[in-house]
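Biologist: I have a structure open and I want to learn how to read it. Can we go through a few features together?

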Amino acid sequence: MISITEALDLIDQHASKSPARQVAALNAIGCLLAEDVASDIDSPPHDKAMMDGYAVRAVDLASGAAELDVIEVITAGSVPTKKIAASQAAQIMTGAPIPAGADAVVMIEQTQIIGEARVRIEASQVTSGKNIMPKASSLARGATVLSAGKRLRPLEVGILAEVGRDHILVVPQPRVAVLSTGDELVEVGEMPGPGRIRNSNGPMLAAQIAAAGGTPENLGIARDVREELTEKIARGLEADILVLSGGVSAGVLDLVPSVLAKHQVVQIFHKVQLKPGKPIWFGKRTSLNKTTLVFGLPGNPVSSLVCFELFVRRAIGLLAGRTENELRSAEVELAEPFFHRGDRPTLFPARWVNAAQRTAAPLPWKGSADLAAMAAADLLLQFPAGDAEFLAGDRISGLVL
């Protein structure tokens, strides 16, 4: 049995960034960009008006007021055809190109039409460049607008569209298959009969995978029968990561490790000094050009949740190219006394008493099968092995959920 730190080190050694591939920009949210992206245009492509109003020569408004002849109306999408001369102006719309001769835009609210093709303007401090966005001030042709390593958000998809990129080279989000095992399990929509329980682990793990930046693939339930496990594990090994829940302990029907071995999955570690989650299994299969990481999580739901947050989330991040693989840890101050008893490091559910001040209190929790208590949890307190009394105000590490 190894420590949590040793287990994390082994995951780091065996989980490496996935090869980059071209994907549609709309499907790349959350992915790391694997190439630099340069602009193929100047943006704006011309000096443009930043508001509706009149394009003028600033010198004509040096006194703060003037009456000017309106020689043209320029709408967005059109091109000016006349040059602005002394005592002239052009009505202009937001985004439209600035006509030659003009060097400022006066907002419409500072103008008054006084006759056909004539406007009176009263505006102080009209200087050259007023209300004009210069050509290429946002993007310049040939300039790098997004650098490799950038995590793509909807904002970046908009920038990609602006520079004409609808496909992009990214580190893809890993495909993560989820398989729940056990004769006792029924699907979520079924009413459990005697000795049966609903499969809560499958949906929970799929949701955790999505939240961690992976693409979940639900393989459903496999009974504790070698033939069924063999067939469904084979399907799961087509993914980048296979996550199984149940069947990894030492019971008569804990068949998962032996079935994995028949699929040439090499065990890297089995059992970690951890509560809950001690029986966790981790292995790897490399076949031709395909490598699949395999996690066997304990069947108790809180154990599965904890092992995912500690270990599987880390592997997803490494495959996706993320470098921020540190645990989401925080130093926490206990809001009330607590007595911890146990021979292993324990992750204990807790709630924030004051999140801003990082004070937390343990929740009433009945053990690894008590998923309901976790619904109120904001974090997991990391108590060291051994019996110890903790006082209010003591500081302890926490894993933020």
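Biologist: Where is the place of Q264?

Modeller: First, keep in mind that this is a predicted model. Q264 sits in the loop between α5 and β19.

Biologist: What should I look for in its backbone?

Modeller: Start with the general idea. Most residues other than glycine have a negative phi. Now the case here. Q264 is not a glycine, yet its phi is positive, about 65°.

Biologist: Is Q264 buried or exposed?

Modeller: Exposed, because its relative accessible area is 56% and the cut-off for exposed is over 50%.

Biologist: What is the phi of R358?

Modeller: It is positive, about 60°, and R358 is not a glycine either. Its loop runs between β24 (346–354) and β25 (359–362). R358 is partly exposed, with a relative accessible area of 32%.

Biologist: How do I read a peptide bond?

Modeller: Check omega. Most peptide bonds are trans. Here, a cis bond joins S43 and P44, with omega about -5°. P44 lies in the loop between β3 (37–38) and β4 (48–49). The bond from K275 to P276 is cis too, with omega near -5°. P276 is in the loop between β19 and β20 (281–287).

Biologist: Now a helix. Which residues of α2 are buried?

Modeller: The general idea comes first. An α-helix has 3.6 residues a turn, so residues three or four places apart point the same way. In α2, residues 154–162, the buried ones are E156, V157 and L160. Seen down the axis, they fall within an arc of 105°, so they line one face of the helix.

Biologist: What do the buried residues of α2 pack against?

Modeller: They pack against β3, β12 (144–146) and β13 (167–171).

Biologist: Which exposed residues does the face turned away from the buried side carry?

Modeller: That face of α2 carries P154, L155 and A161.

Biologist: What follows α2?

Modeller: G164 follows, and its phi is positive, near 80°.

How values were computed: Residues are numbered from 1 along each chain as its sequence is written. This is a predicted model: local features need pLDDT of at least 70, side-chain atom pairs count only at pLDDT 80 or more; totals for chains, interfaces and linings use all residues. Side-chain values use heavy atoms; hydrogens and water are left out. Helices (H or I, at least four residues) and strands (E, at least two) are DSSP runs, numbered from the N terminus. Buried means under 20% relative accessible area, exposed over 50%, partly exposed in between (1.4 Å probe, protein chains only). The arc is that of the directions from the helix axis to the C-beta atoms. Contact means heavy atoms within 4.5 Å.
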